[in-house]
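We will go from stop to stop, selecting as we go.

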Amino acid sequence: MDGMSRLSDAPLIAAATGHTPSRPPVWFMRQAGRSLPEYRKVREGISMLDSCFMPELLAEITLQPVRRHDVDGAILFSDIVVPLKAAGVGVEIVPGRGPVMDAPVRTKEDVANLPILDVDVPEVRQGIEIILNELTDKQALIGFVGAPFTLASYLIEGGPSKNHERTKALMHSDPDTWHRLMERLTPTIISFLELQLDAGIDAMQLFDSWAGYLNERDYREFVLPYSEQILKVAEGRVPRIHFGVGTGELLGAMSEAGSEVMGVDYRVSMDAAAARVNADILQGNLDPALLFAGEDAVRKEVRAIKAEVDAARAAGNLRGHIWNLGHGVLPTTEAEAVTRAVAIIHEEG
């Protein structure tokens, strides 16, 4: 794997490839972000999307939690709509709301006019180079892309949605247009992933924020084939992680998309998840809210999760485990609580 060539002793990569890590590997989704005072300082007066296209800034934000928390992986500072923006789609991230489109995509004509990313994004490539120059050979750089269902939902709804009603309506009332949209989005996502792979990321995560709103039948018909295509691009190059929110009932289907590692949110125990998936390496699944509960509560939960992992190993359902939250760091989390949770995991995990 390409990502192995730079890393001689990275716990995260060892775990992701089924080997025994030198310590329990841990990284947290959204570890780079609003929970860090240094992040808030460097982002002053700069929009979220603009910061994703500033090499020195995106590198600095990516590296901040590695320096502060001693995590075993840096997650590339980006957003799932960055490849859409780079392709020319009108989108902005509105504070307190999320990605908002200039115009929704709901018809065959809208889909046909949707730009496809077919150019380099040198700012991201340069940012990755800066990051890799600072990371040690024990610290992995994780790239990521948003899954096509989640991006499609943002495009169809015009922004974040609580129920995804327009998305599901299009899926079922006009499946031809739905599939054309997915076929239009997938090359853009692949282009953005290829860029990261070529720049030297050590692992990747496919992040399907909204897949948990689907039932398994719809997921298999309308989403799974496209996620398979994306993950296929990284096959044999870097370890692949697949994660969605509220996807306990979809874990089996999602694991068929081809990743080595399946992410598990906090709603499903690790031993139950291991029995459901077609993968023998799991990532997760500390509840992010527990970082507000104090050190004793975090330690107790870490021990409980470790017991679930051990049970899954004993049952023959699990080879490797990467620690993470069962979703992202909440914005109001104290930075010191994150640092302490990482230390507890390294001690107990």
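Select D70 to start. D70 sits in the loop between helix 5 (55-69) and strand 1. This is a predicted model, so every value on the tour is computed from predicted atoms. Check the backbone here: D70 has a positive phi of about 60 degrees, though it is not a glycine. Is D70 buried or exposed, or something in between? Its relative accessibility is 38%, so D70 counts as partly exposed.

**Stop two: Q31**

Now select Q31. It belongs to the loop between helix 2 (11-16) and helix 3. Q31 has a relative accessibility of 1%, so it counts as buried. Which residues does Q31 touch, leaving out those up to four places away in sequence? Show L36, P65, V71, G73, A74, I75 and V329.

**Stop three: the aromatic pairs**

Colour the aromatic side chains. How many aromatic pairs does the structure hold? There are six. Take Y39 and F77 for a close view. Their rings form an edge-to-face pair, 5.9 Å centre to centre, with 65 degrees between the planes. The angle is over 60 degrees, so the pair falls in the edge-to-face class. Y39 lies in helix 3 (residues 37-42), while F77 is in the loop between strand 1 (73-75) and helix 6 (82-87). The pair therefore ties together parts that are 38 residues apart in sequence. Both partners are covered: Y39 is buried at 4% relative accessible area, and F77 counts as buried at 7%.

Next, select F149 and W178. This aromatic pair is tilted, with 6.0 Å from centre to centre and 50 degrees between the planes. F149 comes from helix 9 (residues 148-157) and W178 from helix 11 (residues 175-199). Here the parts tied together are 29 residues apart in sequence. F149 is buried, with a relative accessible area of 0%. W178 also counts as buried, at 0% relative accessibility. Ring pairs link F149, W178 and F222 into a cluster.

**Stop four: helix 9 and what follows**

How many residues of helix 9 are buried? Ten of the ten are, so helix 9 is largely enclosed by the rest of the structure. Among the buried residues are P148, T150, Y154 and E157. Step just past the end of helix 9 to G158. There, phi is positive, at about 90 degrees.

Move along to H164, in the loop between helix 9 and helix 10 (165-173). H164 is another residue other than glycine with a positive phi, near 60 degrees. With 0% relative accessibility, H164 counts as buried.

**Stop five: S227**

Select S227 in helix 13 (residues 224-233). S227 is buried, with a relative accessible area of 0%. What is S227 in contact with, leaving aside neighbours within four places in sequence? Show A147, P148, L206, Y219, H242 and A257.

**Stop six: a cis peptide bond**

Jump to G284 and N285. The peptide bond from G284 to N285 is cis, with omega near -10 degrees. Most peptide bonds are trans. N285 has its place in the loop between strand 8 (281-283) and helix 16 (295-314).

**Last stop: the whole chain**

Zoom out and switch to the cartoon. The chain has 17 helices and nine strands. Its radius of gyration is 19 Å, close to the 20 Å that the globule rule gives for 349 residues, so the chain is as compact as a globular protein of that length. Along its principal axes, the C-alpha trace spans about 55 × 45 × 40 Å. Of the 349 residues, 56% count as buried.

Switch to the surface view. The accessible surface comes to about 13,500 Å², and 48% of it belongs to carbon and sulfur atoms. Finally, colour by charge. The chain carries 34 positive and 50 negative side chains, and the centres of the two sets lie 3 Å apart.

Key: Residues numbered from 1 in each chain as written. Predicted model: local features only at pLDDT ≥ 70, side-chain atom pairs only at ≥ 80, totals over all residues. Heavy atoms only, no water. Helix = DSSP H or I, 4+ residues; strand = E, 2+ residues; numbered from the N terminus. Rg over C-alpha atoms; globule rule 2.2 N^0.38 Å. Buried < 20%, exposed > 50% of the residue type's maximum accessible area, 1.4 Å probe, protein only. Areas by Shrake-Rupley, 256 points an atom, 1.4 Å probe, with all protein chains shown as cover. Lys, Arg positive; Asp, Glu negative; His and termini not counted. Charge placed at Lys NZ, Arg CZ, Asp CG, Glu CD. Phe/Tyr/Trp six-rings, centres within 6.5 Å; stacked < 30°, edge-to-face > 60°. Contact = heavy atoms within 4.5 Å.
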